[in-house]
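Subject: Handing over the model

Hello,

Here is the structure I promised to pass on to you. Please open it alongside this email, and my notes on what was found follow just below.

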Amino acid sequence: MSLELDVDGRNRIIGENLRKYRLLKGLTQDELAEGICSVSQLSKAENGKTYIKRTLLRLMAERLGVTVERIEMLDAMQEELTETLQLAKDANTANNLDKAFQYVREVLTQSEEMGYHTLFLEALLVECKLLNRTKQHFEVIDKVQHVFEQELPQDSAHKLLLMYELGHAYELSGNMVAAFDYYCRADEEFQFVEGKDDVRLSVLFNLVRCHIIMQNYRSALRYAEKAEQLAGIYSKHLYRLRVSYMKATPLRKLGETEKAKEIYLACLREAQENSFLLDVGLINNNLGSLYKDHGETSQALAHYQRARKIYEILNEEAYLCETLVNIAAINRLEGDLAGAVEICNQVLSMADKVQTNVYREKGLATRLIAWVLADQGNFTEYIAKLEEVLAIYEQHQLVREAYEVAVEIADKLYEQNDPRAVDLYRKAVDFNTKSQQIGMRR
């Protein structure tokens, strides 16, 4: 304890710590005082109204299972819980998730009991990361929403971090609209936060991804340029590389093909020089899509096959699903319908096993099978498959894709004078309205 503290200050700190450790131990005042001092003396000590001898304090410390020094320290409990939270982080880094959960939940329980609001929020963030990592996304959503309802996070830094984790949970659970909403809220909150540059980069990075998925390509490009600039300022080289080749995707979708190709090739060289194998795979996949969009199928297939080999080496099945669907699409274009269906079925089987949610890839693979059925003249089965695709997109709030599929089904039913077309057109209008609202958000 600091020598600058007077006797009253010492008594107050010891009293607060005695009470905290007694409550933590689950003891009554009678149980702690028994054989050591009177209950009234302990009560006065806990209220900071009396000096307690060190010999008595040592006996109490032994009964409480702590050292005398702990009881004499300024806010000893908070310091101990902070140390426990660090153990949780270390256990997470070491992939000992059971221990990580044990430590963080200990901190959550005790910090809430003791009124350590900041420490409680710090622990909640760690728990959310663990829950998202172990695919318990809906628990994250419930916990963070509850905290916001209680208006616990008063400072912008904690609001931003919690909104980011909430957006991440929604994305992993498959609700892209909600994910997009909370990433945007996190971005808006950042203007009130000092520092947190890594967090800002994460928010911007995910906003780029979300805008691309939502097909808001101009917004995606704007956020990518912001993230690229910030990554350069803070020397976050891998972030800069990844945002750079992500930027090429909206450029490609907006018709600036040559500029996009130039970026992809420059990033590919950098990734290869630095042995960023996953990024080499991702860039090859994007180059494949660029060439496929322009009808250069042999070039496209070469890049897709390179990406495929890398993903197989890295055992990255989530990324592999997308590349396999792209290869299947080329098979269909070249008339190999059986090969296309075989690969799509492989993707659907793989999608049920991988740890990451790959609902977009499931939708793409199922839609491709539907087109093969149409190629073969199986109209009824074609429509049924498209309805499966629509259900996937609707479930995961992929509103642009849902709109496109609803229009495709409605048009085909209309051509057959099928009255179901009316309901599908109505659905398409609803999806389009929601999509436009999302586009207007940023």
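S289 counts as buried, because its relative accessibility of 12% falls under the 20% cut-off for that label. Please keep in mind that this is a predicted model. You will find S289 in helix α16. Leaving aside residues up to four places away in sequence, S289 touches R252, Y304 and N326.

Helix α16 covers residues 277-293 and helix α17 covers residues 297-314; the two pack with their axes 7 Å apart, at an angle of about 155 degrees. Angles over 145 degrees count as roughly antiparallel, so that is how α16 runs relative to α17. The crossing of α16 past α17 is left-handed.

Which residues of α16 and α17 meet? From α16 come L277, L278, V280, G281, L282, N284, N285, L287, G288, S289, Y291 and K292, and from α17 come Q299, A300, H303, Y304, R306, A307, I310, Y311 and L314. By class, the residues of this contact of α16 with α17 are twelve nonpolar, seven polar and two charged. S289 and Y304 are both on that list.

Helix α20 (residues 359-375) packs with helix α22 (residues 399-415) at an angle of about 15 degrees, and their axes are 12 Å apart. Angles under 35 degrees count as roughly parallel, and α20 and α22 are therefore described as roughly parallel to each other. Here too there is a left-handed crossing, with α20 passing α22. On the α20 side the contact is made by R360, R367 and W371, and on the α22 side by E401, E404, V405 and E408. Sorted by class, the contact of α20 with α22 holds two nonpolar and five charged residues, with no polar ones.

In soluble globular proteins, nonpolar side chains tend to be buried together. In this model, the largest nonpolar core has 149 residues, and L18 and I71 touch the most other members. Helix α8 (residues 117-133) gives the most to this core, with ten residues.

N95 sits in the loop between α6 (76-93) and α7 (97-114), while S275 sits in the loop between α15 (257-273) and α16. The relative accessible area of N95 is 51%, so N95 is exposed; S275, at 63%, is exposed as well.

Q229 is another exposed residue, with a relative accessible area of 56%. Q229 belongs to helix α13 (residues 217-233). Along the chain, Q229 and L201 are 28 residues apart, and their C-alpha atoms are separated by 10.0 Å.

Enjoy looking around, and do write back with any questions.

Best wishes

How values were computed
Residues numbered from 1 in each chain as written. Predicted model: local features only at pLDDT ≥ 70, side-chain atom pairs only at ≥ 80, totals over all residues. Heavy atoms only, no water. Core = buried A, V, L, I, M, F, W, Y, C linked by side-chain atoms within 4.5 Å. Buried < 20%, exposed > 50% of the residue type's maximum accessible area, 1.4 Å probe, protein only. Helix = DSSP H or I, 4+ residues; strand = E, 2+ residues; numbered from the N terminus. Axes fitted to C-alpha atoms, helices over the stretch in contact; angles between N-to-C directions. Parallel < 35°, antiparallel > 145°, perpendicular 65-115°, else oblique. Left-handed = near helix turned anticlockwise from the far one by under 90°. Contact = heavy atoms within 4.5 Å. Nonpolar A, V, L, I, M, F, W, Y, C, P; charged D, E, K, R; others polar.
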